[in-house]
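The sequence and structure are shown first.

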Amino acid sequence: MAEKVFLSVVIPAYNEEENIASTLSEISEHLKGKDFSYEVVLADDGSTDDTLGKARSFEDRLAAFRTIESSPNRGKGYVLRKAMLKADGDYVLFMDADNSTSIRELDKFLPYFGGGYDIFIASRRIPGAEVEVPVRRKLMGNVYIFLAKAILGIRVSDINCGFKVFRRKVAGDVFSRQTMNDWSFDAEILYLCKKRGYRVKEVSVKWVHKDTSKVKPFRDAFRSFMGLMKIKMNALNGRYGKS
């Protein structure tokens, strides 16, 4: 890493009591050995289980930990937008609460910090990636990426992997314009990055499918397509402003 940084780790969560303790434990163990400062921000999306209670038990184990709570449940895009805009880090990482992409994968991103890139996205579809995913979900992902490229002109290999890093200024710009509250937010922010001319670096990662994932491929396929169309209409109507 070419520069000293302060890193924000943002974790959007909804009913993740089964996963959040192990995820935060791994974050704590991995980051305490680093030579940079960090904060961890849990963005709770109206959980009805003990996600918040289990998360708060880590307040003494993390160098800096806080929660941003939202109720009722509005969607991952909604709570992530709130948290990303309130993060204090020079670089802001968001990662999934189920730890599908481990915080340990961050080490692959660090050498590129300070190298002129604005956004760093984890990819499961470039050489070097290690992926454990059901065939059906992989197929649906490929179809979604094809549609996103065709409808929005996004030119990255992986859109929905929940492990992305932004320089803080870029995060503020992109997430202040983001409107989608559901799973479509990933495509929306990458469209905004393209529209606003930000430099994107894709990094291959190890990704493990978790049985607790809330994604339901066939149910979400139609919603995802409609989300892409809504983003396109927003763009045509000038919702995202000028580049």
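The sections below cover the basis of the description, the sheet, the helices, the cores and some single residues.

## Basis of the description

The model is predicted: local features need pLDDT of at least 70, side-chain atom pairs count only at pLDDT 80 or more, and totals for chains, interfaces and linings use all residues. Residues are numbered from 1 along each chain as its sequence is written, and side-chain values use heavy atoms, with hydrogens and water left out.

Helices (H or I, at least four residues) and strands (E, at least two) are DSSP runs, numbered from the N terminus. Buried denotes under 20% relative accessible area, exposed over 50%, and partly exposed the range in between, for a 1.4 Å probe and protein chains only.

## The sheet

Seven strands form an open sheet in the order β3-β2-β1-β4-β7-β5-β8, with mixed pairing; two strands pair if DSSP finds at least two bridges between them. Strands β3 (65-70) and β8 stand at the edges with a single partner strand each, so one side of each has no neighbour in the sheet. From one strand to the next, the twist averages 20°.

Strand β1 (residues 6-13) pairs with β4 in the parallel sense over four bridges, and serine 8 stands opposite valine 92 in β4. On β7 (residues 163-167), β4 has an antiparallel partner, joined to it by five bridges; here phenylalanine 94 has lysine 164 as its bridge partner. Strand β5 (residues 119-123) runs parallel to β8, again with five bridges, and serine 123 stands opposite serine 204 in β8.

## Strand β4

Strand β4 (residues 91-95) is largely enclosed by the rest of the structure, because five of its five residues are buried. In a regular strand the side chains alternate between the two faces of the sheet. In β4, Tyr91, Leu93 and Met95 point one way, while Val92 and Phe94 point the other way.

## Helices on the sheet

Helix α3 (residues 76-86) lies across β1, β2 (37-45), β3, β4 and β7, and runs at about 140° to β3. Such angles run from 0 to 180 degrees between N-to-C directions, with axes fitted as lines to C-alpha atoms, for helices over the stretch in contact. Helix α5 (residues 168-177) also packs on the sheet, where it touches β4, β5 and β7; its direction makes about 105° with that of β7.

The buried residues of α5 are Val170, Ala171, Asp173, Val174 and Phe175. Their cover includes α3, β4, β5, β7 and α6.

## Nonpolar cores

A nonpolar core is a set of buried Ala, Val, Leu, Ile, Met, Phe, Trp, Tyr and Cys residues joined through side-chain atoms within 4.5 Å. The largest has 37 residues, and those with the most contacts inside it are Val10, Met84, Phe94, Ile154, Ile159 and Phe166. Elements that give two or more residues to this core are β2, α3, β4, β5, α4, α5, α6 (185-195) and α7 (217-236). Helix α6 supplies the largest share, seven residues. Apart from this core lies another, of 36 residues, among them Tyr38, Ala55, Leu62 and Cys161.

Isoleucine 159 is in contact (heavy atoms within 4.5 Å) with residues including Tyr144, Ile145, Ala148 and Ile154, leaving out those up to four places away in sequence.

## Individual residues

Lysine 201 lies in strand β8 (residues 200-204). This lysine is buried yet has no salt bridge, and the nearest side chain of opposite charge, glutamate 202, is 8.7 Å away. A salt bridge is a side-chain nitrogen of Lys or Arg within 4 Å of a carboxyl oxygen of Asp or Glu; Lys and Arg count as positive and Asp and Glu as negative, while His and the chain ends are not counted. Leaving aside neighbours within four places in sequence, lysine 201 contacts Tyr112, Tyr117, Ile119, Phe120 and Ile121.

Phenylalanine 146, in helix α4 (residues 135-152), is exposed, with a relative accessible area of 58%.

Most residues other than glycine have a negative phi, and most peptide bonds are trans. Asparagine 15, in the loop between β1 and α1 (20-31), has a positive phi of about 50° and is partly exposed, at 24% relative accessible area. Asparagine 99, in the loop between β4 and β5, has a positive phi of about 65° and is buried, at 12%. The peptide bond from serine 71 to proline 72 is cis, with omega near 5°; proline 72 is in the loop between β3 and α3.
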